[in-house]
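Student: I would like to go through the labels used for this model. Can we take them one by one?

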Amino acid sequence: MKKRILSLVLAGTLALSLFGCSGGGGGGEGGGGAAQGMYPGTSEAGSIRVECSTMSVMNPILMTYATEFAVARHCWDALVKLDENNQVIGAAAESWESAPNAEGVEDMIWTFHLREGAKWVNSQGEVVGDVTANDFVFAWSELLNPNNAAEYYAFATIFKNAQAYYDYASGVEGAPEVTLDQVGFYAADDYTLVIELENPLPYLLQYLKFEVMTPIYQPFYEEVGAENYGTSPDKLLYNGPFRMTEWTLENSITTVKNDEWYDASNVSLKAIYWDKYTDSNTKLNAFQTGEIDVIDITGEQRAQFEAEGYPVNNWIAGYSFYFYCNNIQEEDLANYPGAKLSDARSINLRKAISYAVDRQQIIDTVFKNDNEPSPAFSLGISGVSAETFGEAVVAANNGQPLYNPTADVEKAKEYLALALEDLGYTDASQIKISLLTSEGSQNELFSQVVQEQLRQNLGIEVGIDVVTITEARARRNAKNYDLFMGGWGPDYDDPMSDLDLWTSTNGNNHTGYASEEYDALIESTKAESDPAAREQLFVQAELMLAEDMPFIPIYWRHEDYVVSEKVADGLIRLPFQYYNLIYTTLAQ
Amino acid sequence: MAHIAKERFAHVGENAHDREAISRPSVTFLQDAMRRLVSNRVAMLCVVIVFIMLVFSIFAPILSPFEYQEQHYGHTDAPIGTVCNDAQSAGNGHVHLFGTDTLGRDIFTRIWMGGRVSLIIAFASAIVDFFLGAIYGGISGYFGGTLDIILMRILEIINGIPYLMIVILLMLVMPPGIITIIVAYSLVGWIPMARLVRGQVVALKQQEFIAAAEAMGASTGRMIAKHLLPNTLSVMIVRVTLSIPSAIFSEAYLSYLGLGIRPPLCSWGSLAQLGIQNFRLYPSQLIIPAVCISLTMLAFNLFGDGLRDAFDPKLRR
Amino acid sequence: MLRYVLKRIAYGILTLFVLITLTFFMMRALPGDPFIGDKTPSPTTLANMEAKYGLDKPPIVQYFIFLGNCVRGDLGVSISYENRSVNEIILSSFPISMDLGARAILFAMIAGILLGAVAAVKRGSITDSLSMFIAIVGVSVPSFILGALLQYFLAVKLRLVPVQGWGTFAQTLLPSFALGMSSLATISRLMRTSMLDVLSQDYIKTAKAKGLSQSMILWRHALRNAIMPVITIIGPTVAAVFTGSFVVESIFNIPGLGKYFVTSIKDKDFTMISGTTIFYGALLILCTLVVDLLYGVVDPRVKLED
């Protein structure tokens with residue numbers, strides 16, 4: 001349950017919400033284009049308009065979409081934040097130090113010294129109160145309050161006793177009584193926050209930078225009421241570089257500069273408008289006529305800009321896309337009410353499909369951009385024996401990618417023959433597989449390409465079920481599907497962030513894959529202290545996944561976007577930072 | 001002033017045969033209507049257009065060297081008239097007459113496959129409308145009395161509900177597909193037809209010739225078959241012709257909302273919806289399905305107008 | 001008159017009741033639990049929902065609870081937008097849709113009547129051809145294609161109006177036009193036929209014979225009578241405009257209720273869909289009623305006693 005973020009992301013338009021891993025190379029920094037006067041951008045001085053899709057919830061502890069977090073990053077300061085190189089720097093906290101706990105385990109108790117004089121402002125920009133350590137304590141206890149059903153409550157379970165408290169508070173049977181006082185965070189004084197961890201966590205600061213971990217001003221929260229907090233700009237308080245002034249649901253959010261912010265003198269933008277578009281043509285038209293400054297673009301649109309000679313920016317969204325496969329076997333059915341017994345339960349069929357799909361062709365046809373065919377599952381993580389972990393995996397596989405970039409029809413057919421035996425069929429036409437597809441033209445095109453490839457290469461007639469993202473997820477969670485396209489990006493720079501996903505107990509493992517061997521292998525990495533040996537264990541895990549193939553990796557995501565000539569510098573889009581516009585400067 | 005001799009005028013006597021003869025050839029109502037329809041050039045042009053659409057939709061997908069879902073990765077977004085020379089069909093000189101779409105599928109084949117789907121939806125809905133409406137309206141109008149009142153009240157209530165809302169709700173509930181669209185559309189589409197038929201039947205019942213037929217002891221069956229039906233049919237045909245474009249329109253609308261038919265099947269609506277994504281770069285991908293939709297809708301509309309004129313007794317000469 | 005009005009109101013209410021019933025049972029027929037999407041609702045929300053919809057009770061009881069809520073004007077709580085009531089969303093977005101719709105209808109009526117009338121008076125002239133052309137485009141081009149093309153050519157190529165958005169007058173032009181187009185076509189065609197019909201009537205000849213001026217004849221006698229049939233189709237026009245607004249609002253990025261309706265369809269937000277459907281239904285029923293009554297007032301030949 002540690003990494004919900006990414007599974008929540010694959011939405012109707014693929015451009016919707018992208019989160020990513022660190023590492024994995026460059027990422028993009030969008031400066032303005034060559035001064036050709038082609039797309040001068042919006043006319044309002046001092047402000048920019050950027051595209052941002054889903055913005056349904058603005059209560060930080062209830063947010064789920066990367067796009068919502070992008071807005072939140074500009075409105076609230078957590079203890080720490082990421083800079084333009086994705087390095088952790090102080091935000092609400094100025095400095096911090098760590099100490100061993102009572103048992104002598106290093107780095108278990110952390111003390112954060114908050115910035116004094118930081119203020120809470122309302123949507124009008126009026127100062128309401130001071131930001132103190134108690135605001136963090138309060139926010140985190142609300143995150144752990146089962147009544148709020150925060151999707152990301154798990155982020156707060158890194159603290160000592162937090163999970164036990166959550167279980168007790170949600171009335172889990174047999175859970176021992178734990179009070180909030182026993183949970184591992186408290187305010188030593190107004191500006192000193194002390195944290196005690198449940199387990200060693202090398203990536204603590206990466207956790208603390210998350211927008212769900214931002215503070216909440218208790219008196220105000222209680223005044224508006226938990227159910228009203230965050231339903232409109234005036235029902236929120238802000239401690240970040242910007243404050244929200246207007247919010248038209250499904251349409252636009254306006255954030256203006258918060259003059260009370262500690263570093264406000266270095267913020268040159270007066271306002272940021274976050275606009276949602278439902279029609280990608282309209283979006284492109286709006287960019288060209290100067291009604292928006294930053295938009296994500298499709299492969300076709302990229303070709304158009306390139307033909308015009310206008311610079312196209314690219315960032316590695318740090319994202320693996322793959323097919324979830326329904327692994328549920330006949331004997332498991334009883335454990336999963338509502339689950340479907342799918343033909344995809346045959347390993348050989350999954351392998352046949354993996355060999356029959358032409359990953360490069362999918363990218364060239366559907367996306368027409370720099371997406372790469374997945375050589376392995378975990379790609380962007382820094383490696384020990386090689387620059388990235390992905391390269392280490394490929395090296396361990398004699399330099400060959402674990403998953404073929406182009407179709408290998410012969411191998412596919414070999415596996416198909418085995419699959420027919422597994423399933424007790426005599427002919428490929430008996431195989432009934434359908435591709436659960438969430439709406440959105442790119443998703444639908446994607447499914448159609450796969451459908452056609454499997455038809456040509458294997459002779460399987462694959463159905464396509466186009467459903468809403470909501471229904472798709474519900475069916476995926478219930479394991480009532482054959483194949484479903486999903487995405488995942490790691491939350492921190494360690495293979496664990498990716499590979500933990502496929503353990504039988506992981507809440508985001510929606511495939512029904514449960515291998516004791518794999519679980520044991522992942523468990524063993526926790527005890528291994530030698531980095532190289534630990535990496536080898538993860539490499540083994542990757543190889544095991546390729547052998548069992550509970551899911552089929554397809555591609556590794558890159559994202560194209562264009563920026564109007566109005567923007568001079570400092571527009572940051574990186575893994576983990578969907579947008580960082582705090583220090584963006586404008587031309588003129 | 002010259003006198004004309006009285007003798008020169010003589011009574012020729014009456015000719016019983018000539019007296020009753022009809023000097024003009026006898027023209028039935030239908031013949032008359034057909035004559036007027038045929039002389040209406042616009043309507044005839046529309047018939048030709050519809051005929052062409054039908055013929056192509058039936059035969060083009062069969063005769064085309066490409067299948068509608070076949071993807072040519074070497075030729076994605078190909079312009080009109082590209083010769084297909086990728087690995088699948090190199091050397092056999094097949095041409096993508098209308099180019100290919102973003103997945104390299106032959107647009108010519110897809111347009112006519114889409115035409116099939118759109119026209120099947122349109123015709124099937126029209127037929128359901130026709131029969132449901134005729135039966136419901138006919139019963140209500142013919143029997144009259146309490147039954148009529150009840151049936152008409154029910155109809156009025158259903159008619160008050162905005163039809164696209166109902167279609168959308170139904171599309172949400174039922175599994176996606178051609179049948180669903182037809183059912184959803186027909187479920188509300190028959191109402192105008194029923195009203196029309198009922199009104200027509202009620203009006204006819206007051207006419208003298210019906211009274212005469214009744215007086216002469218015509219059976220119910222004969223009344224319906226010989227008197228009511230033929231006199232209502234013309235209005236119904238006009239109505240059906242005009243309901244076809246509205247079904248095509250609804251299908252396109254549903255496709256835009258993402259509630260239309262499911263891939264890999266395509267319809268004109270879904271092709272236009274796909275084409276609109278790329279029309280800045282590849283305008284033909286939008287223009288071709290759009291022209292097909294518009295032309296067909298127009299043809300049915302104008303043909304319906306022509307039919308109405310042809311059937312209009314006021315215009316009968 | 002009063003009896004007729006009451007009768008029509010009774011029918012309106014009955015229709016609305018049927019719509020509510022239909023909506024409820026259709027939503028119950030949706031696959032899966034309509035109240036639980038992929039987000040886990042919080043226990044508080046769940047408890048509220050249970051109290052509100054009686055989820056633990058048998059469907060028939062739930063139905064009456066639902067009906068009761070509708071009667072009180074409470075359309076429920078949205079599932080996708082945390083802690084927001086459907087009423088609140090309708091209240092904030094419908095004024096925009098109404099504004100857009102009113103503009104579109106006004107545009108369609110005025111332009112349609114004028115175009116149709118002029119086309120009839122000057123048969124065979126350029127105006128006549130123009131009206132025919134507009135009618136052809138209006139009936140044969142689906143609004144999503146028309147909207148996209150208008151946007152590209154008028155806003156991107158010619159830079160005459162903004163591409164999208166809602167607020168300034170210039171922003172309202174394209175969407176109103178795209179939305180009103182098909183109604184404009186219907187109205188102008190109807191107006192032309194009706195005007196031709198009126199112009200061939202004896203009283204027009206009488207007026208001419210009496211030596212009335214051409215403009216007097218047209219304004220005082222012809223137009224007023226020819227407009228009657230147009231009024232009868234205001235009801236269907238309103239319906240067409242509101243359902244058309246789903247598409248137009250999406251294309252022009254207008255934060256109206258139509259856009260929410262489309263989004264809620266895509267998200268399968270049960271309460272939003274049913275709430276919006278009932279709201280639209282009630283609105284259209286009301287519009288039809290008003291138009292019918294209006295018709296009786298305007299045209300003395302229509303007997304309201306039915």
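Tutor: Start with contact: two residues are in contact if their C-beta atoms, placed from the backbone, lie within 7 Å. Keep in mind that this is a predicted model.

Student: What do the buried residues of H2(A) pack against?

Tutor: Four strands of chain A: S11 (242-248), S12 (252-257), S13 (271-275) and S23 (577-580).

Student: Why is helix H2 of chain A called largely enclosed by the rest of the structure?

Tutor: Count its residues. H2 of chain A spans 66-75, and 10 of the 10 are buried, so the helix is largely enclosed by the rest of the structure. Among the buried residues are Glu68(A), Phe69(A) and Arg73(A).

Student: What makes Ile353(A) buried?

Tutor: The cut-off is 20 or more other C-beta atoms within 10 Å. Ile353(A) has 27, so the label buried applies. Ile353(A) sits in helix H9 (residues 347-356) of chain A.

Student: Which residues does Ile353(A) touch, leaving out those up to four places away in sequence?

Tutor: Leu454(A) and Ile552(A). Gln577(A) is another matter: its C-alpha lies 34 Å from that of Ile353(A), with the two 224 residues apart in sequence.

Student: How many residues of chain B are in contact with chain C?

Tutor: 27 residues of chain B, against 32 of chain C. Helices H5 (145-160), H6 (163-173), H9 (220-256), H10 (268-277) and H11 (284-311) of chain B each give two or more residues to that side.

Student: What is the make-up of that side of chain B by class?

Tutor: 21 nonpolar, four polar and two charged residues.

Methods
Residues are numbered from 1 along each chain as its sequence is written. Chains are lettered from A and ligands numbered from 1 in the order in which they are written. This is a predicted model: local features need pLDDT of at least 70, side-chain atom pairs count only at pLDDT 80 or more; totals for chains, interfaces and linings use all residues. Ala, Val, Leu, Ile, Met, Phe, Trp, Tyr, Cys and Pro count as nonpolar, Asp, Glu, Lys and Arg as charged, and the others, Gly among them, as polar. A residue is buried if 20 or more other C-beta atoms lie within 10 Å of its own, exposed if 12 or fewer, and partly exposed in between; C-beta atoms are placed from the backbone.
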